[in-house]
Amino acid sequence: MASLAAVVAATPALADPGNGTRFKAPPAPSAAAVARMAAVPARTPQITPRLTPVIFPPDGYYNCAVDNLCVVVWDPNYLYVYGNGSARIGAWRQFNLFNCYEYTLIDWYSLGFYHNNQRPSGPNGIRSYFRNQYHNNLTTITPDNIGHGYMWDPIWYIRNC
């Protein structure tokens with residue numbers, strides 16, 4: 001599992017030198033990661049309370065607005081159609097967590113990343129918690145406005161405040 005997380009961690013979301021508000025997403029998961037995901041029924045990842053996701057392709061650009069914890073998961077089912085008419089299966093699915101709440105992750109069996117753009121930033125900023133099925137904290141994060149690769153398998157809940 002650690003080697004799979006390294007696939008995304010090795011290619012963190014990079015700031016777009018243009019204006020600093022757009023970030024470049026990592027490429028699609030590797031063939032080995034996709035094979036591992038195939039062992040789990042391919043369902044589209046969701047979150048409750050229900051939020052409308054932002055969908056973008058591998059190596060595409062995404063935004064994480066101020067005061068949001070943006071969590072991104074690989075959706076192996078999404079048919080992404082590019083502007084030139086070409087298409088591919090699989091895309092990144094981003095959920096922007098703004099309201100203070102404990103969100104439930106549904107069918108998050110894969111690689112992804114998070115981008116914490118909440119305020120105040122830094123080590124004394126708002127703490128967010130990634131929790132297991134028993135609501136035990138597995139990871140605590142503070143805002144740093146940087147994309148971080150993450151393996152979502154053990155995470156069942158996210159509290160963004």
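Tutor: Contact means heavy atoms within 4.5 Å. Leaving aside neighbours within four places in sequence, Tyr114 is in contact with Leu69, Cys70, Val71, Phe130, Ile141, Ile146, Gly147, His148, Tyr150 and Trp152. This is a predicted model, in which local features need pLDDT of at least 70 and side-chain atom pairs count only at pLDDT 80 or more, while totals for chains, interfaces and linings use all residues. Residues are numbered from 1 along each chain as its sequence is written, and side-chain values use heavy atoms, with hydrogens and water left out.

Student: What makes up the secondary structure of the chain?

Tutor: The chain has 2 helices and 13 strands; helices (H or I, at least four residues) and strands (E, at least two) are DSSP runs, numbered from the N terminus. Of the contacts with a separation of 6 or more, 72% are between residues 24 or more positions apart.

Student: Why is Tyr62 called buried?

Tutor: Tyr62 has a relative accessible area of 3%. Buried means under 20%, exposed over 50%, and partly exposed in between (1.4 Å probe, protein chains only), so Tyr62 is buried. Tyr62 is in strand β5 (residues 61-63). Across the chain of 161 residues, buried residues make up 42%.

Student: What makes the pair Tyr62 and His115 a polar contact?

Tutor: Their side chains are joined at 2.9 Å. The limit is a pair of N or O atoms within 3.5 Å; within protein, one must be able to donate a hydrogen and the other to accept it, and residues adjacent in sequence count only if both atoms are side-chain atoms. The value of 2.9 Å is therefore within the cut-off.

Student: Which residues have the most contacts inside the largest nonpolar core?

Tutor: They are Leu69, Val71, Leu97, Tyr114, Phe130, Trp152 and Ile158, in a core of 16 residues. The elements giving two or more residues to this core are β6, β7 (87-97) and β8 (102-106), and β6 gives the most, with 3 residues. Apart from this core lies another, of 10 residues, among them Phe56, Tyr62, Trp74 and Phe113. A nonpolar core is a set of buried Ala, Val, Leu, Ile, Met, Phe, Trp, Tyr and Cys residues joined through side-chain atoms within 4.5 Å.

Student: Is Asn160 buried or exposed?

Tutor: Asn160 is buried, because its relative accessible area is 1%. Asn160 is found in the segment after β13 (157-159). The side chain of Asn160 reaches the backbone oxygen of Leu97 at 3.4 Å, and a polar atom of that side chain lies 3.1 Å from the backbone nitrogen of Tyr101.

Student: Why is Arg50 called exposed?

Tutor: Arg50 has a relative accessible area of 65%, which is over 50%, so the word exposed applies. Arg50 is in the loop between β3 (46-48) and β4 (54-56), and its side chain makes a polar contact with the side chain of Gln46 at 3.5 Å.

Student: Why is Leu79 called partly exposed?

Tutor: Its relative accessible area is 49%, which falls between 20% and 50%, so Leu79 is partly exposed. Leu79 lies in strand β6 (residues 69-81).
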